[in-house]
Amino acid sequence: MLLKSVASAINGRELRRTLSSSSSPFTAGVRCSSHGRRRVIDVAAKDGELRVFLVAGEVSGDALASRLMASLKNVSPVPVRFAGVGGSLMHKEGLQSIFPMEEIAVMGLWELLPHLNNIRIKLKDTTESAILFQPHVVVTVDSKGFSFRFLKLLQGRYIQNTNSPVHVHYVAPSFWAWKGGETRLTHLRHFVDHILCILPFEEEICRLNGLPATYVGHPLLEDVVFSSKELESSFDKCKFQGNVEAFRQENGLSSGHGLPTKSFHQLKQNLYFTESTIITLLPGSRLQEVTRMLPIFLKTVEFLKNSIPELSTIIPVAPNCRVETYINNAIRTWPLRAILIPGESIEKKYEAFRASRAALCTSGSAVMELMLAGLPSVVAYRAHFITECIVKLRTKLNFISLPNILLESAVIPEVLFRACTSDNLVRKLREVLFNDEVRRLQISSAEEVLQILHNPIAQRSNSILDQLGFSSYKCCPSMIAASTVLYAEKLQKSHGLDSNFAP
């Protein structure tokens, strides 16, 4: 029953009624206070509304935060008001962003230097806005560089103030990837009250370092809910619905097979090469990523045009006007057909994956989406030379993509840093397109990845709902996250903040 437990959303109206009248404790990470400390839900109930200040700095964070917002509106026993920084998806849930999210979407070490002054200004603006809003809880989503500096500044403004909001950070920093990373967790408790983890092993490590944490589930598990119209009783029979032929016709593509809308068992058999071929390109969501990676991807596909008949590409475009403009200009004179689809549309994106034969993907959250769709891919990444050198010196991992990290194996080919050239990508992409064993390994590994992510929350989510009296419902990650936020508590802080902490 691997995916059925994440396929049904909880009934928000009944849960709101229970939360407003029940003192039943939640399980790990969301227990009622036994020391008189203030829970978010208690303070919000006294004020008659829940005020949530959110900060997301990139597209994946915007998606994660928007789902959290929707779940908070479902489970909160009082009306919810939002303020903060976010993107288009958060706007749809009711957030008026202080400034465009793209202004803080900077990744890298060396790459950050030209933007430092602007980041300082945005930190000040965000802190002042949070103070004026008087939130019960502040939720920062990923983007640890900006998020932790903001929370540290905000905590400094609230020193010796008993009405300071609870600080929750969604997506634990990847401390497990860096040498000495775990030792930095102890510094976070000076300005973070609770961490919402999306990988199962992170919760225990955070707790061992004195930082309250809850594994709420990976957002990939929630994609199962949104991308699947029908889920059967096992992963192998799971059907990711979507009319591939209608998608092809809508976009003027000739009939052919990418990944048919079949079960994963049938996907494993779909290894033959066909006349019409589509390659999906995912160059990233930040402008700096796209400008670096898209030219390499386009050149790579050009090398294949003479050997593959009817070759087309699909590019999901992040909801960022500067990214959209850049991609449109880049493909204007490109000799191959490129179809652009809105990257924020889960339905369109998964239809594109199902219609495709393979994908070229910049390292990031999209790699997990490709694995869920059963689409074989090659992962690539380039950065500034200095950034690459620092990463090589500091990392303790052998892989960069999450599926490979979780499986401890190079299931998905990775072409990284100075080795990330069109020539090298062509060789790896040919293997993914033509080598049956390479394709079969990626497709069959998807089940194992989802089991790793899902099994730890299956018992917990059922326990939460059993205690609330709704054992017939099932939790999805954003619902568990929302419940955790409501029951989060303010930690007792020392008056001094660690000035040596540098996120």
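The model is predicted, so to speak of local features takes pLDDT of at least 70 and side-chain atom pairs count only at pLDDT 80 or more, while totals for chains, interfaces and linings use all residues. Residues are numbered from 1 along each chain as its sequence is written, and side-chain values use heavy atoms, leaving out hydrogens and water.

**Exercise 1.** Find how many disulfides the whole structure has, then check Cys197 and Cys206.

*Solution.* 
- Start with the rule: a disulfide is a pair of cysteine sulfur atoms within 2.5 Å.
- Searching the whole structure turns up zero.
- For Cys197, the nearest cysteine sulfur belongs to Cys206, 4.4 Å away.
- Cys197 sits at 0% relative accessibility, so it counts as buried (under 20% relative accessible area, with a 1.4 Å probe and protein chains only).
- Cys206 is buried too, again at 0%.

**Exercise 2.** Work out the strand order of the six-stranded open sheet, and what packs on it.

*Solution.* 
- Strands are DSSP runs of E, at least two residues, and helices are runs of H or I, at least four, numbered from the N terminus. Two strands pair if DSSP finds at least two bridges between them.
- The order reads 9-8-7-10-11-12, with parallel pairing.
- At the edges lie strand 9 (337–342) and strand 12 (414–416), each pairing on one side only.
- Strand 8 (residues 311–317) joins strand 9 over six bridges, and Ile314 stands opposite Ile339.
- Now the helices: helix 12 (residues 287–302) touches strands 7, 8, 10 and 11 (contact is heavy atoms within 4.5 Å).
- Helix 13 (residues 321–331) packs against strand 8 and strand 9.

Methods: Buried < 20%, exposed > 50% of the residue type's maximum accessible area, 1.4 Å probe, protein only. Axes fitted to C-alpha atoms, helices over the stretch in contact; angles between N-to-C directions.
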